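Here are a few notes to read alongside the structure. I have kept them in numbered points so that you can follow each one on screen.

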Amino acid sequence: MSELTLFLIRFAYLAILWIFVLSAISVIRTDMFGARMPSGATPPRAERRKASKTGKAAKAPARRRGSPTHVAVIEGANAGERADLAHGTILIGRGPDAQIRLDDDYVSTRHARIASAEDQWFVEDLGSTNGTYVGSARINQPTTLSLGSQVRIGKTVLELRK
Amino acid sequence: MSQKSAPPHSFLGFVHRRRRGAEMFLLVLALVVGIGAYAAVGLGVEGSVPADLVAYGGWLAVLIIACHVVVRWVAPYADPVLLPVVAALNGLGLAVIHRLDLAYEAAGRTQHEFARQQLIWMTLGVLLFIATLVVLRDHRVLQRFTYTTGLAAIALLLLPMLPGIGRTVNGARIWIHLGPFSFQPGEIAKVLLVIAFAGYLVLHRDALALAGRRVLFIDLPRGRDLGPILVMWLISLAILVFQRDLGSSLLFFGIFLTMLYIATERPGWLVVGGGLFFVGAFLGYQFFSHVQSRVNIWLDPMRYYYDSPGSGQIVESMFGMAWGGLLGRGFGNGSPQRIPYAESDFIIGAIGEELGLTAVMAVIVCYGLIVERGLRAALVCRDGFGKLIAAGLAFVLTLQVFVVVGGVTKLIPLTGLTTPFLSYGGSSLVANWVIIALLLRISDQARRPVPDLSGQGELGDDDSEATQVVKL
């Protein structure tokens with residue numbers, strides 16, 4: 001086998017190796033942001049179920065009798081404040097973009113959020129410093145909320161109300 | 001409430017796609033990398049395409065496709081890059097080991113079955129990978145076995161000390177022999193220890209981070225919080241030092257420290273751990289003769305070239321890498337058989353000689369990708385336990401690659417650890433496939449858009465057009 005052929009084989013192999021590495025990197029690049037969902041659209045998971053029925057289910061759970069309509073602050077400096085659940089996700093924190101702004105030193109800028117999935121409401125801690133409590137238990141994953149269950153954030157207590 | 005974890009998807013504005021098509025595309029490329037290397041070895045060494053290329057390539061393809069099908073089936077949202085990168089590294093490793101077999105054969109040594117054995121081990125690794133993914137549908141189940149895994153890890157580490165089955169190979173008593181099989185239980189123990197640490201730390205992270213006294217720069221936690229994990233770790237470390245396996249003790253020390261740091265978010269631990277490492281390294285240098293000789297060889301390898309337990313290995317590997325240069329000598333034109341243990345510890349040296357710096361850099365970027373995907377899974381993951389496991393496993397691979405590649409390239413003193421997926425060694429290969437299965441499982445859980453709420457799923461859809469409730 002001639003010297004040139006061997007050189008070409010070696011060169012081709014190194015090229016293959018780097019083509020593989022670069023394609024892997026490009027897959028990572030396109031993976032960075034996933035599939036964007038237009039607001040109000042259904043998540044891809046819904047396609048497994050009857051897609052025609054979903055409508056705007058992703059935004060806020062359907063309003064029926066007995067389902068909560070707003071979150072109220074019942075204890076703490078901002079007692080009496082409330083936010084409507086009809087607009088979907090509610091961000092709670094000290095930051096300016098929060099729907100419920102709390103003047104509480106123990107609350108993080110973006111502390112927690114309350115959001116809906118299908119028919120239920122969930123509270124999720126957003127990596128806050130002091131944690132979020134449902135009842136007396138600190139949560140470390142999204143936790144379902146029912147009517148009247150109390151969420152404690154810093155010195156503030158919130159409740160889901162009808 | 002049976003299903004508690006259901007983060008709403010609308011907040012982030014996007015969901016992760018499945019990307020199984022991208023994974024398949026990358027897997028085909030990975031197969032080309034593996035089989036192409038095997039063909040290039042045949043062409044370079046013997047001047048013709050190896051006769052068993054179809055059988056070999058077919059076997060490799062069956063293994064990889066089986067992995068892909070299982071991932072599609074049980075982990076559809078898993079990370080698309082991890083499996084192809086691992087497949088490519090494993091394929092490249094097999095080809096280089098095959099090349100070394102041929103070189104040893106040409107040099108007149110008898111044993112030249114490494115590649116075949118490695119392929120058997122890879123098959124076993126893939127089977128365990130599939131079993132892990134199929135059996136373990138939710139990584140949080142592992143949290144129930146925190147102490148069981150910790151005990152199992154210690155038991156596995158103790159196994160080589162048993163008189164009947166333990167063997168001393170190259171001065172380290174870390175092997176067990178069962179009939180025709182030999183195995184390093186420490187490789188499995190490291191995976192179990194990561195799970196045990198994660199399970200313990202996720203429960204006690206608050207107590208570890210907040211309760212305790214402040215000494216110098218760090219908050220020392222209370223003894224009862226740190227005690228169990230410290231005991232677990234000290235036992236494993238003592239066993240390893242007793243078995244004279246310093247590479248693994250360094251690895252366990254690093255895992256412990258990093259996971260403690262990730263769990264408590266206290267950078268002080270890194271300062272303390274770094275200090276402890278230097279104290280340990282100094283004591284090791286004082287009391288262990290082989291640590292001394294390793295450091296001396298690292299400082300001046302050429303001086304010990306002709307000594308009997310000297311620096312021949314690292315010097316030959318440096319000769320090889322220098323000769324290989326940027327593009328390498330090409331398969332068949334180098335002489336990697338001059339490096340003792342080129343198929344295990346020094347496989348990076350063999351790659352550097354025959355494929356050059358270009359390929360070594362590609363290999364290191366591949367490791368970087370694996371670690372990045374592992375840490376990404378840890379970031380995206382929603383529960384603390386999964387975060388800790390993913391970060392811990394990613395760090396296991398990081399430290400292993402750093403210690404081995406650093407040692408071979410004379411950046412740090414040489415310590416015996418295997419190069420993940422590349423080097424010859426069944427226990428390490430099998431354990432690393434299980435690590436990848438765990439990472440895929442965690443990333444699948446993390447990237448799945450809405451956790452299954454089947455049961456309540458149908459309720460909300462029917463009346464989305466229902467009457468408006470008067471807002472109070």
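This is a predicted model: local features need pLDDT of at least 70, side-chain atom pairs count only at pLDDT 80 or more; totals for chains, interfaces and linings use all residues.

1. Five strands of chain A make up an open sheet with mixed pairing, and their order is β5-β4-β6-β7-β10. The edges are taken by β5 (100–101) and β10 (143–145) of chain A; each has a single partner strand, so one side of each is left without a neighbour in the sheet.

2. How is chain A divided into domains? Domain 1 covers 1–29 and domain 2 covers 70–161. The C-alpha centres of domain 1 and domain 2 of chain A lie 54 Å apart.

3. Now for the helices of chain B. Helix α1 (residues 20–46) of chain B packs on α3(B) at an angle of about 10 degrees, and their axes are 8 Å apart. With angles under 35 degrees counting as roughly parallel, that makes α1(B) roughly parallel to α3(B). The contact of α1(B) with α3(B) has 19 nonpolar, three polar and two charged residues.

4. Helix α2 (residues 53–74) of chain B also packs against helix α3 (residues 82–106) of chain B, at about 165 degrees and with axes 11 Å apart. The two helices are therefore roughly antiparallel, and α2(B) passes α3(B) in a right-handed crossing. From α2(B), the residues Leu60(B), Ile64(B), Cys67(B), His68(B) and Val71(B) meet Leu83(B), Ala87(B) and Gly91(B) in α3(B). By class, this contact of α2(B) with α3(B) counts six nonpolar, two polar and no charged residues.

5. Which way does α4(B) run relative to α3(B), parallel or antiparallel? The axes of α3(B) and helix α4 (residues 114–135) of chain B cross at roughly 155 degrees and come within 8 Å, and α3(B) and α4(B) are therefore roughly antiparallel to each other. On the α3(B) side, the contact includes Asn90(B), Leu94(B), Ile97(B) and Asp101(B). On the α4(B) side, among the residues they meet are Phe114(B), Gln118(B) and Met122(B). Seven nonpolar, three polar and one charged residues make up the contact of α3(B) with α4(B).

6. Lastly, please look at the strands of chain B. Strand β2 (residues 166–169) and strand β3 (residues 172–178) of chain B pair in the antiparallel sense, over three bridges. Within this chain, Val169(B) stands opposite Ala172(B) in β3(B). Strand β3(B) is also joined by three bridges to strand β4 (residues 181–183) of chain B, and these two run antiparallel. There, Ser182(B) in β4(B) is the bridge partner of His177(B).

Notes
Residues are numbered from 1 along each chain as its sequence is written. Chains are lettered from A and ligands numbered from 1 in the order in which they are written. Domain bounds come from an automatic or database domain assignment. Axes are lines fitted to C-alpha atoms, for helices over the stretch in contact, and angles run from 0 to 180 degrees between N-to-C directions. Helices (H or I, at least four residues) and strands (E, at least two) are DSSP runs, numbered from the N terminus. Angles under 35 degrees count as roughly parallel, over 145 as roughly antiparallel, 65 to 115 as roughly perpendicular and the rest as oblique. A crossing is left-handed if the near helix is turned anticlockwise from the far one by less than a right angle, and right-handed if clockwise. Two residues are in contact if their C-beta atoms, placed from the backbone, lie within 7 Å. Ala, Val, Leu, Ile, Met, Phe, Trp, Tyr, Cys and Pro count as nonpolar, Asp, Glu, Lys and Arg as charged, and the others, Gly among them, as polar. Two strands pair if DSSP finds at least two bridges between them.
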